[in-house]
2 protein chains.
Amino acid sequence: MTEFPHPFDRAIALEPQGSDRFIGRTSDDYWNAISPYGGVTVATVLEAVMRHPDRIGDPIAMTANFAGPIQAGELIVRASPARTGRSTQHWQIELTQAGDPQPLVTATAVFAIRRKTWGDTESKMPKVPRPEAFQRYPLAMAFPFLERYDFRYVDSSPFAGTEESVTQCWVGDVPSRRLDFPAIAAYCDSFIPRLFVRKGLASQISTVSLSINFHIDTASLSAVQGTFAFGQARANGFNNGFYDQEGKLWSEDGLLLAATHQMVWFKD
Amino acid sequence: MTEFPHPFDRAIALEPQGSDRFIGRTSDDYWNAISPYGGVTVATVLEAVMRHPDRIGDPIAMTANFAGPIQAGELIVRASPARTGRSTQHWQIELTQAGDPQPLVTATAVFAIRRKTWGDTESKMPKVPRPEAFQRYPLAMAFPFLERYDFRYVDSSPFAGTEESVTQCWVGDVPSRRLDFPAIAAYCDSFIPRLFVRKGLASQISTVSLSINFHIDTASLSAVQGTFAFGQARANGFNNGFYDQEGKLWSEDGLLLAATHQMVWFKD
């Protein structure tokens, strides 16, 4: 299966329009229940910085806050460097839509030129068979973005109704696509909501804030093997309308790509 | 030992100055090596929202990015609501200093009015003796802010030089002080840097981005027992100039207070 450009690249495509301003468009391919899939929104926010002519280095950390419901149509992304040091750069980003004066997404990002240093990975990828050893999880709901991801659970059913919300699965794009920073950002929101795992069914939820810490740089990312990522996620707590989700992603060859954390509004 | 107001309250004190603008001052009590202790800066950013007349609800999630070195003296904190929904409110915050046109801290926060829902804590506090069972860890370095915290390690030395960076300790204010949202935000940066744990010695580091997910609300917080928090922290990975740190905090009676994540620049 080949499509050019990949639906993901079309979904996050931005047209520069003057200083710090980019125009995008929501994607039917990545539509969720009532708004775009959040992972693609996070990737679009990141893409604005990646494409900015003043950007230095690679993404180190980013946070995107989902402030209001994005409508189908044109997106305006404003990304501006708040402060640039010798090797570190801080960004402020906002996503708006015409006719709505207030931001729909507020975000910050830290980029940096990395240097060679001592390194070690404490969170090693669990030893699991390669993605080919597992079946693609059948679509549980009819939201378009789910057709764009190939989830392969390695040890549990996602709608488990268990007492602990841990899940482990391979995730890849459909059709398959190389791993890059926007794809990783999008994968960070792809874990099945922890509430669904606990309750064994889908219910009303909405991510309010998502953070990503990136553990790879451009050079190591361009050398990773395979197009799947291995994801592990869990919740620390559910309390009075909000719960959290922590996730980690590794490449097929076991490189730690990112750790991610989000807070999610829920209704029970 | 009694001091009124508590040095922490003096350190995060803000004077409203027109719409969305607050004036503070760096604190000698919480000075670090060359700038204020980052935890107090995060608490000051949060305090600006807490004190804002338009604020609704409790903090749910916040991210503060350390963009430049704060100098001793006056702080200008601008906190403005980006979007306010029925029960959720998104904030953008910047900390600047006179004579420096660019932000020294960029931050976002999500606040919300919580509702009673089903809840569960998956990350339970480890079973450990109460803080009284342990000695205060002797100050390892002569930075003033360290005198303002009482760390009591329960199972390891902080400068361990081990292969895994996990530490577990009680942390409390000196003099002791009730737990509130700013104190919890400050505790989130109080974990000994993971690099020091791994290397067994202090070296040059600097947090670039810190996020907090809050798991308690005002009502449950006002009912917690004790003034210490129990903290557990670890790193996922160290790679080419940056490493991460993940931490959790519980109250003395075992309530999950917050989970926190930061990315740290380091030199080796």
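Colleague: Where is the place of Pro175(A) in chain A?

Modeller: This is a predicted model, so to speak plainly: local features need pLDDT of at least 70, side-chain atom pairs count only at pLDDT 80 or more, and totals for chains, interfaces and linings use all residues. Residues are numbered from 1 along each chain as its sequence is written, chains are lettered from A and ligands numbered from 1 in the order written, and side-chain values use heavy atoms, with hydrogens and water left out. Helices (H or I, at least four residues) and strands (E, at least two) are DSSP runs, numbered from the N terminus. Pro175(A) sits in the loop between β9 (167-173) and α3 (181-187).

Colleague: What is omega for the cis peptide bond that joins Val174(B) and Pro175(B)?

Modeller: Pro175(B) lies in the chain B loop between β9 (167-173) and α3 (181-187). The bond from Val174(B) to Pro175(B) is cis, with omega about -10°.

Colleague: And what is omega where Val174(A) and Pro175(A) are joined?

Modeller: Chain A has Pro175(A) in the loop between β9 and α3. A cis peptide bond joins Val174(A) to Pro175(A), and omega is about -5°.

Colleague: Is Asn240(A) buried or exposed?

Modeller: Asn240(A) is in the loop between β12 (237-239) and β13 (242-251) of chain A. Its phi is positive, about 40°, although Asn240(A) is not a glycine. Buried means under 20% relative accessible area, exposed over 50%, partly exposed in between (1.4 Å probe, protein chains only). At 11%, Asn240(A) is buried.

Colleague: What is the phi of Asp20(B)?

Modeller: Asp20(B) belongs to the loop between β1 (15-16) and β2 (21-25) of chain B. Asp20(B) is buried, at 17% relative accessibility. Though not a glycine, Asp20(B) has a positive phi of about 70°.
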